[in-house]
Amino acid sequence: MSTALDPHAATTGAAPFPWNAVWGQDDAVHTLRAAASDPSALAHAWLITGPPGSGRSTLAYAFAAALIAEPGDERAQHQVLARTHPDLTALRTEQVVIRIDEARRLVERASFAPSLGRYRVIVVEDADRMAERTSNVLLKALEEPPEKTVWVLCAPSDADLLPTIRSRVRLLRLTEPSVADVAALIVERTGVSPEVAEESARHAQRHIGMAQRLATDDDARARRAESLSAVLAVRGIGDAVEVAGRIVRLATDDAKALTATRDDEERRALLRTLGVAEGAAVPPSVRGQVNALEDDQKRRATRSLRDGIDRVLTDLQSLFRDVVMIQYGREGDLVNEERLEDLRALAGEWTPARTLGVLERISDTRRNLEQNAAPLLALESLMITVANGSAP
């Protein structure tokens, strides 16, 4: 870090609050700290890209805190990080895509001058979930933003956004950490053994959040292992249909595990706010608000299930990528190295062309699910390709 930005950080090797939560992205932190402290370096719209788990949203909110709060005002910075500051508008959709009405509300908020802070900041965590019509709603706001409004979009890649959006933002690409770096962080955060941390970092393909979950959740590790074992055992059409159903069930269980506690806490918090005693019947006068919360939770559950299936597909990509690596004589960098014997057996049974065909079919399946294909039918089609080497 530059001593011009913070002499103390230079001597300690760590960025100060609110940047200290950002891990492994020193260059990006330096760029955004400079922009937050120097108006001549500040673009009106930014796009932060990087692979899942690279810390896009963590960096976005640290940037928002530095922009909104006066330097050294940690109280205001904490408000931004808690998503409670009035000059922060944040959107992380709980649905499969960002709705056009949500985009319109963002644009409306972006037109307001900051009420307490130095800037108004609009953070869109899932900018890649905007359809073309929704993206077009943002264009004018990005072209002609108010002087004190800054947009921060987050996406896995700039290719996930329309060219018209990309042309109106400053791009900041994050780096991908190594397996060893992620494992060391997981040991530090959770206290798990280095062996569990290393395996989790490999299986999560360096996604920090997923690695932490795998390292600390025995059920999540077991569901992953069961999914991969089932797919490796597929040999015929009957297997394909059975395994597709099993994957959907496992992904459903995973989604429920992620959302159940949160749903219950949200319901209890709402009822307390409405003055309803715990265990009491919900009076008709507030039933509409409770029903609205339940509808939001159902939409979130739909997204959580699709995200869970996408995680399974990501795991399958790692599995068949390992097979291809073995087929081409490269066993030194496998994601699923503990399955080496099974992978070698499959590599000898299949041709490289068949393995590459399955990998392509997995990519097609992910795209189809993004277009709201029925998960069970999409997975049955994929498993049939695994069974016989060709698309049904």
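The structure is a predicted model. Its open sheet has 5 strands in the order S2-S3-S4-S1-S5, with parallel pairing, and helix H3 packs on that sheet.

- Strand S1 (residues 45-49) and strand S4 (residues 149-155) run parallel and are joined by 5 bridges, with Ile 48 standing opposite Cys 154 in S4.
- Helix H3 (residues 56-68) touches S1, S2, strand S3 (120-124), S4 and S5, and its direction makes about 170° with that of S4.

**Thr 89 in strand S2**

- Thr 89 lies in strand S2 (residues 88-91), and it counts as buried because its relative accessibility is 11%, where the cut-off for buried is under 20%.
- Leaving aside residues up to four places away in sequence, Thr 89 touches Leu 106, Arg 109, Arg 120, Val 121, Ile 122 and Val 123, and its side chain makes a polar contact with the side chain of Arg 109 (3.4 Å).

**Helices H10 and H11**

- Helix H10 (residues 208-216) packs against helix H11 (residues 218-232) at an angle of about 100°, with the axes 5 Å apart, so H10 is roughly perpendicular to H11.
- H10 contributes Arg 213, Leu 214, Ala 215 and Thr 216 to this contact, while H11 contributes Asp 218, Ala 220, Arg 221 and Arg 223; by class, the contact has 3 nonpolar, 1 polar and 4 charged residues.

Note on methods. Residues numbered from 1 in each chain as written. Predicted model: local features only at pLDDT ≥ 70, side-chain atom pairs only at ≥ 80, totals over all residues. Heavy atoms only, no water. Axes fitted to C-alpha atoms, helices over the stretch in contact; angles between N-to-C directions. Helix = DSSP H or I, 4+ residues; strand = E, 2+ residues; numbered from the N terminus. Parallel < 35°, antiparallel > 145°, perpendicular 65-115°, else oblique. Contact = heavy atoms within 4.5 Å. Nonpolar A, V, L, I, M, F, W, Y, C, P; charged D, E, K, R; others polar. Buried < 20%, exposed > 50% of the residue type's maximum accessible area, 1.4 Å probe, protein only. Polar contact = N/O pair within 3.5 Å; in protein donor to acceptor, adjacent residues only side chain to side chain. Pairing = 2+ DSSP bridges.
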